[in-house]
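The following paragraphs lead a new reader through this structure, step by step. Please keep the sequence and the three-dimensional view at hand while reading.

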Amino acid sequence: MSSGKKLLLMGRSGSGKSSMRSIIFSNYSAFDTRRLGATIDVEHSNLRFLNNMTLNLWDCGGQDIFMDNFLSGDSSGSRNGSTGANSSNNVFNKCEVLIYLFDVESKEVQKDIETFKRVLGNLKKYSPEVKIFILIHKMDLIQINKRQELFDLMFNKLKAIAQKEYGFAIEGFATSIWDESLYKAWSSIVCSLIPNISLYEQYLAKLNRIMNAREIILFEKTTFLVISSTNRYSSSLAENREEAKELLKADDLDPKRFEKISNIIKTYKQSVNKIRTNFSNLVLHGRNSSIFLDVLTSNTYIMVIMDNNNSNHGSGPMGVQYQLEDENLVLEDIKIARDLFEKIEDKK
Amino acid sequence: MDSIIDAPGVQNPVTILLMGLRRSGKSSICKVVFHNVQPLDTLYLESTTKPTTENFKSLIDLAVVELPGQLNMFEPSLYDSKKLFSSIGALVYVIDSQDEYLSALQNLAVIIKYAVSVNPKIHIEVLIHKVDGLSEDYRLDTQRDIMQRVGDDLLDYGLEGVQISFYLTSIFDHSIYEAFSRIVQKLIYELPALENMLDLLMQYSNFDKVFLFDVNSKIYVATDSSPVDIQTYEVCAEFIDVTIDLDGLYEPPRKIDGPDSVALGARNSSVQSSSQFTSPNSIVPETKNSELDPIYVAKPTRCISKLQNGTTLYLYQMIRGLALVGVSRLEEGDEATSITVIDHNVNIFKKSLEKMWEKSRVK
């Protein structure tokens, strides 16, 4: 896997490509991204993700001149000489993922779509296996009640174009750097690249059969993107789907909780950075549940959410006693699971 | 309009009066500190036309009365200024440091003269506000200039003995919380006892720093006697947010059908009290009932986080929407024991806090 996976990040200038990259991979806060200038040509970054996976992120500058340069090989053919053809070869060759940003406030929607089509055309030619993700970005600038409608409208249109004219199936997300929607989108993107994702899922489910947690979530360490998750109903009642679904519905948890956790923990990491350190674990006995967040392997964090049933034990020192024992049990379980997950990571 | 101001004042001497010229940023301060509004959103606030009162219940029942800036405050038809001033504990005057502040200083001197004549025990606090727009050197110059001028003005009025505290504040960082913390602390009668207790707790539990926070506003009502490092404060304040936000994501289901219904009663009441603890926007409507709720007492929220340099952040829920947040450096390998000791000590602290609060209510 040493060659790495190539991700193209494209979109017209000012649509927020570099801001997005800085927040997810360089620990910027949303506020800090105002300092970023325009990207010239292509900015490469190599990111190690989960030990055995390298992401080559190509952040492509979005000004028309750069865009034309990327695309010119296709449109003007031999007339432009070898340089144009080369660069288009270069950019679109062996690409695994395209992430295309649309600025929701853009005035020239038609032009955006045209450019998108040309990008698709090139990809069709040079790397037909590519996965395509569309992010409708800067959603925070739209009134809350209009967001869904607008997103559906744009996404369906783009989907139809990609499907009919180029035969690509695309996925879309509405995003904004000011809330957790960014993490959801990137989680799905990155998860689609992890080769042994099913192994992680399998092991997590196994772990949960032992721990009987309300939910277990696995995060990547530096980006805090969600890799995998399991909950009580999906692991223990797998054979009884219908019942599981109903139970899950009764549990009625916030569907956006994963992204929110990513967001909360990242903010926390930044604030801890102010006293020049990093956090290593967190144990919370809250009103609603007990949450254990700990390092799992050198590249992952695990979060275990247990039911908070201490109320049964009543008040006084006994209640505290039970809590302590539960805590030790969970931490011990995590310690044992650590070896197992290290093994998955070492696998090629 | 009289009644708005009178109501908290009569039964509650702990009232803060927020004054200042128009557009000095009074409403923004209120919104940011007490309602968790994002600082940038306060750009769109309307100008305040009526005196508004914020009731804010924490260790003490606090009321913040905000006066519209454009009023001539000695206009007797609007409100009874004598009654108002005699009922408040602290006068907070906001000066816009980015604007020409000479007229504000004149206004301030007149107000101080009047306030002291009505109520000599009043605390006078001056916020030199909006310093985020000034460079580092210029801030201190501005502060020195303002202090000098206020001193001169008071000398002219023959009031040189009046104590005035100055704070450099901005809503875009934590300085406004720091300033309000100090202002509120001056109004807490039990503060010396509290600080003493926190000092003891710190000594015996190996804490580097302990704060007693109000969870909703992130104001600390007390801390130990070691100096406050603003960065530690910020981390502790954010730690509260992390705790509340994470816990809030896993609220138990509201309705449970089937065999679990025995636990329903217990669950439900815990939901209610949890919403009091979690909802950041509403100010805790604490009643006597919820404090005596056994679940509320039995299961305080507790959160521990270790950092890579060996520091441990510790949070423990206290009474009345307060939380104790401590920073500690634990010895390697000895953590389990130390945390047990801390838990025990903090529990004792909580009990004394409960007792103290009962006593203060009887009085």
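**A sheet in chain A and the elements around it**

In chain A of this predicted model, six strands are arranged as an open sheet with mixed pairing, in the order S2-S3-S1-S4-S5-S6. Its edges are formed by strand S2 (42-49) and strand S6 (170-174) of chain A, each of which pairs on one side only. On average, and with direction ignored, neighbouring strands of this sheet are turned by 20° against each other.

The pairing of S2(A) with strand S3 (residues 53-60) of chain A is antiparallel and comprises eight bridges. Within this pairing, A:His44 has A:Trp58 in S3(A) as its bridge partner. Helix H1 (residues 17-26) of chain A packs on the sheet, where it touches strand S1 (5-11), S2, S3, strand S4 (97-103) and strand S5 (131-137) of chain A. The direction of H1(A) makes about 155° with that of S3(A). Helix H6 (residues 181-191) of chain A lies across S1, S2, S3, S4, S5 and S6 of chain A, and runs at about 175° to S5(A).

A single residue of chain A may be considered next. A:Thr115 is placed in helix H4 (residues 109-126) of chain A. With a relative accessible area of 16%, A:Thr115 counts as buried, because the cut-off for buried is under 20%. When neighbours within four places in sequence are left aside, A:Thr115 is in contact with A:Met67, A:Leu71 and A:Tyr100.

Attention now turns to chain B. Its secondary structure comes to 12 helices and 11 strands, and 55% of its 363 residues count as buried. Among the contacts in chain B with a separation of 6 or more, 68% are between residues 24 or more positions apart.

Helix H5 (residues 136-157) of chain B has 22 residues, which should span 32 Å at 1.5 Å a residue; the end C-alpha atoms of the helix are 33 Å apart, in agreement with this. Which residues of H5(B) are buried? They are B:Arg139, B:Thr142, B:Gln143, B:Ile146, B:Val150 and B:Leu154. Seen down the axis of H5(B), these buried residues fall within an arc of 100°, and therefore they line one face of the helix. Their cover includes strand S4 (90-96), helix H4 (102-118), strand S5 (123-129) and strand S6 (164-168) of chain B. On the face turned away from the buried side, H5(B) carries the exposed residues B:Asp137, B:Arg144, B:Leu155 and B:Asp156. Just after H5(B), B:Gly158 takes a positive phi of about 70°.

In soluble globular proteins, nonpolar side chains tend to be buried together. Here the largest nonpolar core has 91 residues, of which B:Leu127, B:Leu212, B:Leu246 and B:Phe349 touch the most other members. Helix H8 (residues 230-249) of chain B gives the most to this core, with 10 residues. Apart from this core lies another, of 51 residues, including A:Ala185, A:Leu225, A:Ile227 and A:Met306.

Strand S7 (residues 207-214) and strand S8 (residues 220-223) of chain B run antiparallel and are joined by three bridges; B:Phe213 stands opposite B:Tyr220 in S8(B). Five residues lie between the two strands of this hairpin, and B:Lys218 in the turn has a positive phi of about 65°.

Methods. Residues are numbered from 1 along each chain as its sequence is written. Chains are lettered from A and ligands numbered from 1 in the order in which they are written. This is a predicted model: local features need pLDDT of at least 70, side-chain atom pairs count only at pLDDT 80 or more; totals for chains, interfaces and linings use all residues. Side-chain values use heavy atoms; hydrogens and water are left out. Helices (H or I, at least four residues) and strands (E, at least two) are DSSP runs, numbered from the N terminus. Buried means under 20% relative accessible area, exposed over 50%, partly exposed in between (1.4 Å probe, protein chains only). Contact means heavy atoms within 4.5 Å. Two strands pair if DSSP finds at least two bridges between them. Axes are lines fitted to C-alpha atoms, for helices over the stretch in contact, and angles run from 0 to 180 degrees between N-to-C directions. The expected span of a helix is 1.5 Å times one less than its number of residues. The arc is that of the directions from the helix axis to the C-beta atoms. A nonpolar core is a set of buried Ala, Val, Leu, Ile, Met, Phe, Trp, Tyr and Cys residues joined through side-chain atoms within 4.5 Å.
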